[in-house]
Amino acid sequence: MEQKKTKKRGIGYWILYLALPVLILIVWEGADLAGLIHSYSMPSPVAIVQVTIEYIQNGQLWTNIQVSLIRVLEGFFLAFITSFVIGVNVAIFPKFDAFMDLVIQILRPIPPIAWIPLAILWFGIGQGSKIFIIFLGAFFPIFLNTVDGIKNIDGKYFELCEVYETPKIELIKKVVIPGALPSITTGIRLGVGNAWVCVVAAEMIGATSGVGYMLSNGRSLSRPDIVILGMLIVGIFGKIMDDILKKIREKVIVWN
Amino acid sequence: MGKNIVEIRNLTKIFETKENRVTALKNINLSIEEGSFISIIGGSGCGKSTLLRIIGGLETVYQGEVLLEGKKVSGPSRKKGFIFQDHRLLPWLTVEENIRFSLPGEQKNNQKLIQENLELVGLTGFEKAYPKQLSGGMAQRVAIARALANKPDILLLDEPFGALDAFTKVHLQEQMLKIWKKEKITMIIVTHDIDEAIYLGNKVVVMTPRPGQIKNIHQINLGNPKRRTGSSFAQARAMIYKEFFEETEIPFSYSI
């Protein structure tokens with residue numbers, strides 16, 4: 001049997017992998033020491049580390065991350081369930097597809113951020129409006145990839161099911177869903193990525209907590225160190241979430 | 001003489017597209033005796049696969065009459081085992097799950113049935129393997145085991161060994177003959193390989209293209225056990241060869 005392909009990465013890879021971030025930090029700190037940048041517009045890496053320690057100590061760092069993460073998870077799961085159910089039905093039933101198509105095609109190009117004014121009017125600036133925006137951000141990637149994944153399943157498998165008189169339910173469980181799974185997991189990765197982008201955007205416009213709030217708060221306090229800390233959190237957590245999803249995908253799709 | 005399991009009378013099949021009208025099969029008449037092994041041979045476009053698909057119920061629009069055990073063929077079923085050119089195993093299911101998937105509800109948990117049929121094709125020990133871990137020949141054997149586990153009345157093989165290398169091919173042909181003798185199932189193989197047709201079939205149906213017609217039916221008697229190297233094989237081979245290349249005498253010409 002074939003070995004699972006886990007590429008062993010040598011020290012050379014890791015040096016290369018970390019070279020650019022380290023280089024950026026050195027140039028950045030150097031520019032600060034040389035007086036080329038000013039701390040009121042662009043604080044040095046050392047200042048960012050200081051504000052990070054300050055935020056860890058006063059507990060604000062974790063509180064804000066937690067608030068944003070919970071919003072993302074809630075909005076994402078809501079989007080996942082609805083987009084998966086609607087997606088499977090659109091892909092399987094042409095009549096349902098025709099019924100849904102125009103509304104979906106018109107809603108899809110509207111950026112979730114464009115919904116923020118309405119969301120605030122409908123749900124206030126609390127949890128509801130954030131979850132609504134995240135829901136919109138995550139819905140379409142998952143929906144479209146579910147539909148595409150199912151429609152791209154090779155027709156020969158359906159012929160096989162005819163020969164073996166496979167019942168409809170088994171056909172969906174054993175052919176449609178696993179066949180579309182690689183595409184669905186791609187949709188989930190894009191959906192979670194979008195959800196994370198949306199939570200930051202929604203929190204920047206109207207919120208009293210969360211990572212996005214950290215950014216807008218940092219701006220009103222004229223504290224670019226807080227702004228940059230917030231941006232780094234968005235980037236780092238976005239990467240971590242994507243890494244987790246990639247790992248889950250490898251575990252789920254064992255046949256590839 | 002046993003009874004006929006398949007009766008084909010005045011079968012004509014026309015494929016119609018917007019621009020084109022192609023007569024794939026014209027006026028086919030064929031009776032197939034129960035328990036026999038029939039080879040259908042012809043060049044590409046002679047309609048041999050279409051004929052097999054009609055017998056298997058995978059093509060249902062045609063003129064004429066196609067009867068299986070006296071009943072009109074109206075669609076595919078697990079009683080008409082069909083081996084495709086590709087193994088058509090579901091890549092996300094293991095070998096045993098693939099067979100289980102094909103079984104009717106009441107047989108799903110019949111592990112003995114799965115084991116027996118894997119043993120029949122010589123694949124005991126590969127129950128938990130995924131299709132991509134198998135060679136082409138092994139995967140096709142799983143497909144054969146899958147068809148046989150459903151206890152078909154007839155087994156239809158559509159160029160099943162066409163994609164395999166010469167050695168694997170010969171090995172599988174021998175295995176197929178053994179299975180045929182042991183299980184006493186009527187088998188029909190469609191092929192473009194003259195040796196394969198002669199070795200497997202006790203009758204060889206020769207078809208010609210445009211429109212697809214039966215040109216001749218040859219009785220083959222290679223003795224028991226069948227030998228590929230004997231004179232009767234060579235004779236049969238010469239006979240079939242002439243069907244396809246009758247007008248061409250081989251001129252001796254020297255060009256230097």
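**A tour of chains A and B**

Start at Ile8(B), which stands opposite Val66(B) in S4(B). Strands here are DSSP runs of E with at least two residues, and helices are runs of H or I with at least four, numbered from the N terminus. This is a predicted model: local features need pLDDT of at least 70, side-chain atom pairs count only at pLDDT 80 or more, and totals for chains, interfaces and linings use all residues. Residues are numbered from 1 along each chain as its sequence is written, while chains are lettered from A and ligands numbered from 1 in the order in which they are written.

Next, select residues 4-16 and 63-68 of chain B. These are S1 and S4, antiparallel and joined by five bridges. Two strands pair if DSSP finds at least two bridges between them.

Now widen the view. The order S2-S1-S4-S5 makes an open, antiparallel sheet of four strands in chain B. S2 (21-33) and S5 (71-72) of chain B are at the edges with a single partner strand each, so one side of each lacks a neighbour in the sheet.

Move to S9 (203-208) of chain B. Four bridges join S9 to S3 (37-41) of chain B, running parallel. Ile41(B) faces Val206(B) there. Six bridges link S9(B) to S10 (213-219) of chain B, running antiparallel. Find Val205(B) opposite Ile217(B). Four residues separate S9(B) and S10(B) in a hairpin, and Arg210(B) in the turn has a positive phi of about 45°.

Finish where the chains meet. The contact takes 14 residues from chain A and 15 residues from chain B, counting C-beta atoms, placed from the backbone, within 7 Å. On chain A, select H7 (155-163) and H8 (168-205), which each supply at least two residues. H7(A) gives the most, six.

Key
Two residues are in contact if their C-beta atoms, placed from the backbone, lie within 7 Å.
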